[in-house]
Amino acid sequence: MTIDVVGVTKRFKTFTALDHVNLTIHSGELVALLGPSGSGKTTLLRIIAGLEWPDTGEVRFDGEDALSRSVRERNVGFVFQHYALFRHMNVFENVAFGLRVRRGADKLPEAAIREKVNELLSLVQIDWLAERYPAQLSGGQRQRVALARALAISPRVLLLDEPFGALDAKVRKELRRWLRHLHEELPVTSVLVTHDQEEALELADRVVVMGHGRIEQVGSPAEVYDHPATAFVHDFIGETIALPGEVRGGALYFGTQALGLDPQGVADGPARILARPHDVDLADPGTTPFAGKVLAVRTFGPTRRADVELTSTGGPVVVEAAVPHGQILEPGTQVGLLPRRYRVFSQPAR
Ligand SMILES: Nc1ncnc2c1ncn2[C@@H]1O[C@H](COP(=O)(O)OP(=O)(O)OP(=O)(O)O)[C@@H](O)[C@H]1O
């Protein structure tokens, strides 16, 4: 099922939650909507589901208008972070629910319902829990039941809103891998909302980075991490060091000092030089205007990082830089910072 979101705008009173959003989700893809709190991810998911309607724009499923169809007609399955299971029903009955409420020609005979539910329970690997009630399950097991319940109606679209948000880090990781595997086995198009970049980058075929109701970038996990289209994406995904600069006459300066860095086609005006900490080298403080004092050196497994308080940029800014293996660096040492790989973005006027 291909999903097209075309020019969708959604306002809540005067607040614009979605601003002319255009997105195509290809059939069979697993797409993650990633962004900070309030960026419009859930609103977009609810519009795709049929739980919310846009003020303007269209949603098409396989080219056909979906907005005139109800949730049930859209044949979507949902899993939410706190999508409560029915407490008075055991696991089997929770999963069977969507099949039991069907009427008319869609209604399956009891034997077929039992077969389908048993199949789903073994697919999500909880067949041994069929007789238990939700209160007797762990959080991870409950989310597996929620997923089996969502899949019971054989949805063509699976919508997941922070499905593992309430679980501890280890269970989250396990379920994430398992969900990826499950998605590959099923003929379903999945859309996952998350504010956890690791989750999005690990799970998704493509990541949609959202900010302030707009799509900032759509790309593979590697594209959005390695080639962020905007300063917002660079800041939001991975760690970022921001250094100030200014483009003048096609060259990058800090104050009156030329930086010798490529302005990357950015127009004249205030700029921000953004880099990953591991792409910033320590240098002789005389060779770069970005200089300051080492506050501490910390070790994270195989990498070492120095916290450097930059004094040259008009205020104490602490940034992290990679410390080469074997280099001895005492707190208090004066060092310079030199971005090796970096992106330049113009600094919008505030
Ligand atoms: N029913 C509503 N009435 C008024 N404002 C709303 C409503 N639903 C959402 N909003 C607002 O729209 C904005 C986008 O909300 P949305 O839930 O889509 O964000 P989100 O990116 O999913 O955030 P989170 O990660 O916190 O869930 C928020 O500022 C929110 O307060």
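Modeller: Hi! Helix H1 gives the largest share of the shell around the ligand, three residues. Helices (H or I, at least four residues) and strands (E, at least two) are DSSP runs, numbered from the N terminus.

Biologist: Which residues surround the ligand?

Modeller: Among them are Phe12, Phe15, Gly38, Lys41, Thr42 and His195. A residue is near a molecule if its C-beta atom, placed from the backbone, lies within 6 Å of it. This is a predicted model, where local features need pLDDT of at least 70, side-chain atom pairs count only at pLDDT 80 or more, and totals for chains, interfaces and linings use all residues. Residues are numbered from 1 along each chain as its sequence is written.

Biologist: Switching to H5, how many of its residues are buried?

Modeller: 10 of the 13, so H5 is largely enclosed by the rest of the structure. Buried means 20 or more other C-beta atoms within 10 Å of the residue's own, all placed from the backbone.

Biologist: And what do those buried residues pack against?

Modeller: Strands E6 (76-80) and E7 (157-161), plus helices H3 (91-100), H4 (110-123) and H6 (169-185). Contact here means C-beta atoms, placed from the backbone, within 7 Å.

Biologist: Now the open sheet of five strands: what order do they have?

Modeller: The order is E13-E12-E11-E14-E20, with antiparallel pairing. The edge strands, E13 (257-258) and E20 (343-346), each pair on one side only. Two strands pair if DSSP finds at least two bridges between them.

Biologist: How many bridges join E14 to E20?

Modeller: Four. Leucine 274, for instance, has arginine 343 in E20 as its bridge partner.

Note on methods: Buried ≥ 20, exposed ≤ 12 C-beta atoms within 10 Å, placed from the backbone. Contact = placed C-beta atoms within 7 Å.
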